[in-house]
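Student: I have a model open and would like to learn how to read its features. Could we go through it together?

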Amino acid sequence: MKRNKIVFLLGVLVILIGCYVGLQFWNESKAAKEEEQKEAKVVKVKTLEALTEISYTYNESKFVFEKKDGTWIYAPDEKFPLEQTYVETMENTFSTIQAERELEGADALIDYGLEQPAYTIHLKNEAGEETDVYIGNSVNDGYYMTVGDKSKVYTVSSSILSPIQYDLMSLLSNDAFPYINSGQLEKVVMTKKNKTETFLKEEEDAITTLESAIGGITLSDCADYYMEAAEADAYGMDEKNVTKVEVTYTDSNEKEQEFTFYIGATDSEGENRYVKLGESHIIYKVDRTKFQEMDTLFEK
């Protein structure tokens, strides 16, 4: 009797395993079929592999990006510190142009806002192939689109415009100011003109004050994306006015790290100080109150 019960339970287990495997196979097959159906609905309009140029106009500003030695640059000013991920998203979007559907027997281009399109995106690849993508009126959750010679009209998802709806400063690659946690600061050396003050970890009150001040600095408000040497005095970054701050701290892996930043003049509104990180040419505006206690320590 006991043996029969064991055999019965094993049989049930085998059936359950079979059902589970079958269900997994059915789910995978269903997912694959849905993916195939989804792909079948996509209309492939144009493929331009290895893009080397993307240009368009947004908010009356002309944007031109070129790829040089594997890196995207802002062509009107190569000194602009361009965040690569933004343009890489454009590259992925426009390398393979897809539509939701092609309009059969389309009316005149003017009916779709394509005679004078809202957006014209010019593309070029390393083989020298060029094409233009035109975006017209909105329709449902997308837009009307035509490409090249405008012989065909398509509807396309609104996501096609997402990568290009940024102003220039939104495309800036900001410097990353090191984040310092409590207890990580080892030493701070502040220098202005001929005066230098050094604060060591043993000076707990001073280090706590500096830790709070330095730890609260974020670099996000750009005042100038490339300061030329001749412009240093305009930001108080010249030798007579700048405060050089050399920081030594221990990171989360207990390794000693160092970085330097510079504090310049107060801006014309009197609300911020100009700040520069290391050898970067970018000038940022940082709330001046973050430096008040640092200034007090330095001036004692």
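**Reading the fold, feature by feature**

Tutor: Start with α4, which lies across β11, β12, β14, β15 and β16 and runs at about 110° to β12. Axes here are lines fitted to C-alpha atoms, for helices over the stretch in contact, and angles run from 0 to 180 degrees between N-to-C directions; contact means heavy atoms within 4.5 Å. Helices (H or I, at least four residues) and strands (E, at least two) are DSSP runs, numbered from the N terminus. This is a predicted model, where local features need pLDDT of at least 70, side-chain atom pairs count only at pLDDT 80 or more, and totals for chains, interfaces and linings use all residues. Residues are numbered from 1 along each chain as its sequence is written, and side-chain values use heavy atoms, with hydrogens and water left out.

Student: In what order do the strands of the open sheet run?

Tutor: Look for pairing, which needs at least two DSSP bridges between two strands. Here seven strands make an open sheet, antiparallel in its pairing, in the order β12-β11-β14-β15-β16-β17-β13. β12 and β13 (222–224) are the edge strands, each pairing on one side only. On average, neighbouring strands of this sheet are turned by 30° against each other, direction ignored.

Student: Which residues of α3 are buried?

Tutor: The general idea first: an α-helix has 3.6 residues a turn, so residues three or four places apart point the same way. Buried means under 20% relative accessible area, exposed over 50%, and partly exposed in between (1.4 Å probe, protein chains only). In α3 the buried ones are Ala206, Ile207, Leu210, Glu211, Ala213 and Ile214. Their cover includes β11 (185–192), β12 (195–200), β14 (243–250), β15 (256–266) and α4 (292–299). α3 lies across β11, β12, β14 and β15, at about 80° to β11.

Student: How do I read the hairpins around β9?

Tutor: Follow the bridges. β8 (residues 130–139) pairs with β9 in the antiparallel sense over five bridges, with Val139 facing Gly142 of β9 as bridge partner. Two residues sit between the strands of this hairpin, and Asn140 takes a positive phi near 50°. On to β10 (residues 154–157): four bridges join it, antiparallel, to β9, and Tyr144 has Thr155 as its partner there. That hairpin has six residues between its strands, with Gly148 in the turn at a positive phi of about 60°. As for cover, five of the six residues of β9 (142–147) are buried.

Student: Is His122 buried or exposed?

Tutor: His122 counts as buried because its relative accessibility is 19%. His122 is in strand β7 (residues 119–125).

Student: And how do I read an aromatic pair?

Tutor: A pair of aromatic rings is described by the distance of the centres and the angle of the planes. Rings of Phe, Tyr and Trp (its six-membered ring) pair if their centres lie within 6.5 Å; planes under 30 degrees apart count as stacked, over 60 as edge-to-face and the rest as tilted. This structure holds 13 aromatic pairs. One of them, Tyr235 and Tyr274, is edge-to-face, at 4.9 Å centre to centre and 85° between the planes. Tyr235 is in the loop between β13 and β14 and Tyr274 in strand β16, 39 residues apart.
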